2 protein chains.
Amino acid sequence: MNAVIQLLQSHRSIRKFKDIPLRKEQLEAIVTSAQMASSSSNVQAYSIVAVSDPDKKQTLARLAGNQTYVAHNGMFLVFCADLNRLQIATAQHGEPFHQNAESFIVATVDAALAAQNAAVAAESLGLGVCYIGGIRNAPDEVSRLLELPQLVYPIFGLCIGVPDQEPTIRPRLPLAGLLHENAYSDEAVRSGIEAYDRTMHEYYKVRTQGRTLTNWSRGIADKYRKPVRAHIRPFLEGQGFRLD
Amino acid sequence: MNAVIQLLQSHRSIRKFKDIPLRKEQLEAIVTSAQMASSSSNVQAYSIVAVSDPDKKQTLARLAGNQTYVAHNGMFLVFCADLNRLQIATAQHGEPFHQNAESFIVATVDAALAAQNAAVAAESLGLGVCYIGGIRNAPDEVSRLLELPQLVYPIFGLCIGVPDQEPTIRPRLPLAGLLHENAYSDEAVRSGIEAYDRTMHEYYKVRTQGRTLTNWSRGIADKYRKPVRAHIRPFLEGQGFRLD
């Protein structure tokens with residue numbers, strides 16, 4: 001196992017940071033690394049808003065469901081899918097701009113690939129990171145706060161900073177439950193869930209000194225038995241995205 | 001600049017590979033690294049189909065628009081957004097399964113974060129990679145070929161293998177054109193396009209010995225002036241995804 005793979009495989013989200021701002025050259029190294037991720041046909045359909053303003057960070061922390069580490073970190077990056085840049089480029093040549101579910105996927109994936117490079121770059125500098133999907137609790141307010149124009153939407157945030165905790169690594173699904181050979185196997189998925197339920201039952205039990213006796217599939221059922229963030233589609237439409 | 005950041009910043013897509021299959025331990029190191037990427041609320045809503053079967057690779061190469069490197073590489077991974085696993089887990093507890101645009105984003109992002117870790121892990125092993133969005137040219141056929149069930153869709157492929165070429169690194173948008181400070185700046189985006197157009201004009205000119213005199217925004221306009229892959233939305237619906 002080389003040092004890079006060791007770094008990737010020792011990832012855990014950090015939810016408590018020291019009160020040390022990210023330095024300019026750190027931010028630049030991180031975002032320049034993000035930019036070097038692949039992009040669909042080189043469209044680079046994303047933008048990053050680096051939020052250092054303490055008031056804006058406080059607001060974002062509240063909107064994300066009172067996650068204090070959104071306000072207290074070295075820097076908070078908001079990754080946005082961005083078709084606005086492509087529309088401007090297209091309009092400059094007097095052409096109409098067409099978008100649909102495909103361009104929505106392209107922009108969302110471009111942003112995610114860039115973000116993961118940012119996360120890896122940050123961790124290579126000894127920093128910790130935590131993705132914040134919680135900003136999709138209130139995407140309208142987040143968009144207004146960050147002055148996002150039409151055709152830009154905030155996908156997730158990324159807290160970056162000097163770690164002030166040492167969490168353990170969370171086990172993942174067994175490899176066989178998600179890596180298929182030449183064809184998808186429903187059976188492998190089912191065995192994977194079963195094995196992972198045992199692993200996570202033990203993990204929760206140990207972490208909570210026996211107080212939490214649940215497993216992964218129970219948590220999934222609790223999450224998906226009711227609609228989650230049903231406001232996303234209307235929000236996206238309001239932001240000018242077409243999903244047809 | 002540390003070795004990890006150097007690796008990230010020296011990425012370029014490889015489109016010609018030596019005829020050397022990926023070894024089992026390489027594949028495992030790559031996919032185990034992929035798994036350690038962050039996942040929204042630990043739902044791990046993705047699957048990977050590793051395609052080694054030469055006939056299937058040939059078919060995928062044709063479907064992706066006759067990209068020969070999809071057939072000729074060390075291994076071809078297909079990254080899929082996977083809500084099927086979550087639905088099975090939810091059904092096991094007798095609960096109804098709710099999905100919408102939010103869960104579509106979660107699954108797409110989870111898969112992309114994992115893929116980028118896979119790409120970085122592969123490159124750390126001296127291998128080259130190339131993302132293949134072209135499998136979305138014919139997502140129905142790809143899904144049938146890989147026996148993807150309902151609630152699973154193929155987002156992109158990833159060619160992995162021993163490089164048999166040394167392409168140059170493609171310039172990216174200027175940092176200021178995509179990194180915003182506390183608020184999105186349309187002006188910065190416009191200046192970014194302008195500067196990048198000059199960069200890419202020069203890049204294309206040099207790469208084609210003066211034969212190609214275009215720039216980035218012209219390429220974007222040519223791409224987006226007509227609908228791209230308008231079949232994606234009906235395909236997703238047929239595959240059981242809801243985008244409401």
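Begin with the boundary between the two chains of this predicted model: the count between chain B and chain A is 6 salt bridges. Side chains of opposite charge can pair when their charged atoms come close.

To see one of these pairs, select Glu102(A) and Arg229(B). They form a salt bridge whose closest N and O atoms are 2.7 Å apart.

Next, select helix H6 of chain B, residues 101-124. This helix supplies 15 residues, the largest share of the side of chain B that touches chain A. Colouring that side of chain B by residue class would display 61 nonpolar, 30 polar and 21 charged residues.

Now display both faces of the contact. Chain B contributes 112 residues, and chain A contributes 112 residues. The size of an interface is often given as the accessible area lost when the parts come together. Here, chain B and chain A bury about 9900 Å² between them, and 61% of that area is on carbon and sulfur atoms. Select Asn182(B), Tyr184(B) and Tyr224(B): these residues supply 9% of the area that chain B buries against chain A, more than any other three residues. The polar side of the contact may be displayed as well, with 70 residue pairs in polar contact between chain B and chain A, both residues being at pLDDT 80 or more.

Select strand S5 of chain A, residues 179-181, together with strand S1 of chain B, residues 46-51; the two run parallel and are joined by 3 bridges. Which residue in S1(B) is the bridge partner of Glu181(A)? The partner is Ala50(B).

Finally, consider the salt bridges over all chains, which number 28. Select Lys16(A) and Asp164(A), a salt bridge with its closest N and O atoms 3.2 Å apart. Lys16(A) lies in the loop between helices H1 and H2 of chain A, and Asp164(A) in the loop between strands S4 and S5 of chain A, so the pair ties together parts that are 148 residues apart in sequence.

Note on methods. Residues numbered from 1 in each chain as written. Chains lettered and ligands numbered in written order. Heavy atoms only, no water. Contact = heavy atoms within 4.5 Å. Buried area = accessible area lost by both parts, 1.4 Å probe. Salt bridge = Lys/Arg side-chain N within 4 Å of Asp/Glu carboxyl O. Polar contact = N/O pair within 3.5 Å; in protein donor to acceptor, adjacent residues only side chain to side chain. Helix = DSSP H or I, 4+ residues; strand = E, 2+ residues; numbered from the N terminus. Nonpolar A, V, L, I, M, F, W, Y, C, P; charged D, E, K, R; others polar. Pairing = 2+ DSSP bridges.
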